[in-house]
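Let's take a walk through a structure together, strand by strand. Have the sequence and the 3D view open side by side as you read.

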Amino acid sequence: MKKSWGVRIWRWSIISVVGAYLMVPLYAMFDFSTKPFGFQDKGRTFRAWQIIPSQPDLMISIARSLITAAIVMSLILFLIVPTAIWVHLKLPLLRRPFELLCLLPLAIPAIVIVVGIAPLYRWISIHLTESPITLSGVYSMLILPYTYRSLSAALDAVDIHTLAEAARTLGANTSRVIFGIIMPTIKTGIINGSFIAIALVMGEFTISNILNYKTFQVVIAQIGRTNGNVAVAVSLASILFVLILLLAIPTKKRQGKVLDVDLV
Amino acid sequence: MSSSTYVQLVDLAKYFGKVRALDGLSLDIAQGELVALLGPSGCGKTTALRALAGLQELDRGQLIVDGKDVTFQNANKRGMGMVFQAYSLFPHMTARENVEYGLKLKAHKTAGDKRKARSAELLDLVGLSTHANHYPHQLSGGQQQRVALARALAISPKVLLLDEPLSALDAKVRTQLREEIRRIQMELGTTTLFVTHDQEEALSIADRVGVMRNGQLEQIAAPSELYDRPKTSFVAEFVGLTNPISGKVSGGSIEILGSVVKTLPGSVTSGTGIALVRPESLDVVANNSGNGKVAAASFLGASCRLNITMNDGTKVTAQLPSLDAAGIGAGASVSVSLLDMPVFVKAAG
């Protein structure tokens, strides 16, 4: 059946409004980043984009932030997800306390967390390493509320008890049950939780800045103080980069096969 | 232990706080037999099944399968195929992948080609070979349970455990699937324990039916014997319908509705007792000077059910072939007598 014109117009107007809401700021950033900023430039120029690679600390900070995000991701996959599954499956009495614990970082302002952990990181930078990658520790705590909520919702949506028991009677051990059956079943929740986590890690500023670590956002802020056009160009580039990353992640099945490995 | 005993549940006990889910349950199952455990909810039948699967720890007792003590063996090493009440297919796998899952694991490792052949064979057995590449969400409830059955059978289980697999399905599919379960079970000769609260289901497909109550087995017998010769009043009242009619017991007989019939073993032996009479054990004929009046009549197709108020105020239900009940409607005067079948008599009061 053909949709009526009214419905179509309504649909397209919603899409246009939302599209404009999302795209106009991006265009504005692009516009700003291609404005002339030196005496020698006229009209449009891509100089701000061209000099991105030569910015001090920028490339290394991007690499560091990506590594940190990867570490946080693997902590989610191999620590938080199995723990959440275990609590849901075997320790139902611990569900409330565990949930409360995971929501705690949301209730504590970032600045309070920084003050609390500053001595720890001072010790780490004196005795172990000064690498900003160590921030993955505090980040994996910060992301808990978001990751846990999406995991918990996904776990509640399926009857994981029956699935786990079915797998066990067929001969699966605990690690296979968790990694081969339950994780693929709740993969949407895991992916959602991980994206939120990556976004948070790539965008975090307060903690790294106060602790004096040169992460991506800190370096962008630094560049912004000397050259606005370059800072905006870098920001736009990072947004596009994440967008491409999102599109590159396969949305169709087969997550299961990758995760279906025997760990024990 | 008889030579053909394959599965033995010995004196199983499981307490959840004060609730006695299993309280000294013992049960022997012969090889290739289909035993159904029947009982009201909370009687411990599912606990018994889960204990045999290894999904429920026991407080006491012993489980022996094929001569081996499996009481403390892990569920993933027991080789039991189980079909659950709730839909339990792995949602990220197709029907075929679900069936093959057990064969990929260490316990039942099978080479790729054989695995494919086996899953195809089983999907064919449950009549779903055309749905092999469907995901669970693309299958109906009945189809999902068929795949679950194929998955459980794929590992050639020592015992097939069915935990109310039909209770989530609608009536028509349920009847169809239970007959299919029986056909497949007979075809493969798989020893099967079937748990249900639906007596029709249990009576229609099991070799033997065990009636459970408060964590114990009240009686286990072939369906017809269970129905015709109950050993306790609980079994008599739980399986099928009964009319409680009081009468005088003496010398192994009871006098009710003007006839004397034999009492079953386990009945009250003297004094006043209440006979538990099956609706089809009552003979009803139209008679203007009869001993009762029809309060309501319902036509059930091949048979007819009559609710009759006796002259002394007792209400009974009779069921007789529709042909015999022709012309007997609500308000008709009838005479009710007893067919000569032994009845179970429980103590009065």
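Start at Val65(B): its bridge partner in E5(B) is Lys68(B). That pair belongs to the link between strand E4 (residues 60–65) of chain B and E5(B), where 2 bridges join the strands and the run is antiparallel. Two strands count as paired here if DSSP finds at least two bridges between them. The strands themselves (E, at least two residues) and the helices (H or I, at least four) are DSSP runs, numbered from the N terminus.

A word on ground rules: this is a predicted model, where local features need pLDDT of at least 70, side-chain atom pairs count only at pLDDT 80 or more, and totals for chains, interfaces and linings use all residues. Residues are numbered from 1 along each chain as its sequence is written, while chains are lettered from A and ligands numbered from 1 in the order in which they are written.

**Two sheets in chain B**

E4(B) and E5(B) sit in an open sheet of 4 strands, ordered E2-E1-E4-E5 (chain B), with antiparallel pairing. Strand E2 (19–30) and strand E5 (68–69) of chain B are the edge strands with a single partner each, so one side of each has no neighbour in the sheet. Helix H1 (residues 45–53) of chain B lies across strand E1 (5–16), E2 and E4 of chain B, and runs at about 120 degrees to E1(B). For that angle, axes are lines fitted to C-alpha atoms (for helices over the stretch in contact), and angles run from 0 to 180 degrees between N-to-C directions.

Now for the other sheet. It is open too, with 6 strands in the order E6-E7-E8-E3-E9-E10 (chain B) and mixed pairing. At its edges stand E6 and strand E10 (216–221) of chain B, each with a single partner strand, so one side of each is left without a neighbour in the sheet. On average, neighbouring strands of this sheet are turned by 20 degrees against each other, direction ignored.

| Strands | Bridges | A bridge pair |
|---|---|---|
| E6(B) and E7(B) | 4 bridges | Val83(B) and Leu162(B) |
| E7(B) and E8(B) | 5 bridges | Leu162(B) and Phe194(B) |
| E3(B) and E9(B) | 4 bridges | Val35(B) and Arg208(B) |

**A strand wrapped up inside**

Why is strand E7 (residues 159–163) of chain B called largely enclosed? 5 of its 5 residues are buried, so the rest of the structure largely encloses E7(B). Buried means 20 or more other C-beta atoms within 10 Å of a residue's own; exposed means 12 or fewer, and partly exposed is in between, with C-beta atoms placed from the backbone. In a regular strand, side chains alternate between the two faces of the sheet. In E7(B) both faces are covered, with Val159(B), Leu161(B) and Asp163(B) on one side and Leu160(B) and Leu162(B) on the other.

Leaving out residues up to four places away in sequence, Leu161(B) touches Leu49(B), Leu52(B), Ala53(B), Met80(B), Gly81(B), Met82(B) and Leu193(B). Touching, or contact, means that the C-beta atoms, placed from the backbone, lie within 7 Å. Leu161(B) is also one of the residues that touch the most other members of the largest nonpolar core, along with Ile182(A), Leu52(B) and Leu193(B); the core has 154 residues. Such a core is a set of buried Ala, Val, Leu, Ile, Met, Phe, Trp, Tyr and Cys residues joined through C-beta atoms within 7 Å. Its largest share, 9 residues, comes from helix H3 (residues 58–90) of chain A.

**Where the chains meet**

How many residues does each chain bring to the contact? Chain B gives 21 residues and chain A gives 16 residues. On the chain B side, E6(B) gives the most, with 3 residues.

**Over to chain A**

Among the elements of chain A, helix H14 (residues 255–259) has the lowest mean pLDDT (39), and helix H8 (residues 160–169) the highest (94).

Key:
Two residues are in contact if their C-beta atoms, placed from the backbone, lie within 7 Å. pLDDT is the predictor's confidence in each residue, from 0 to 100.
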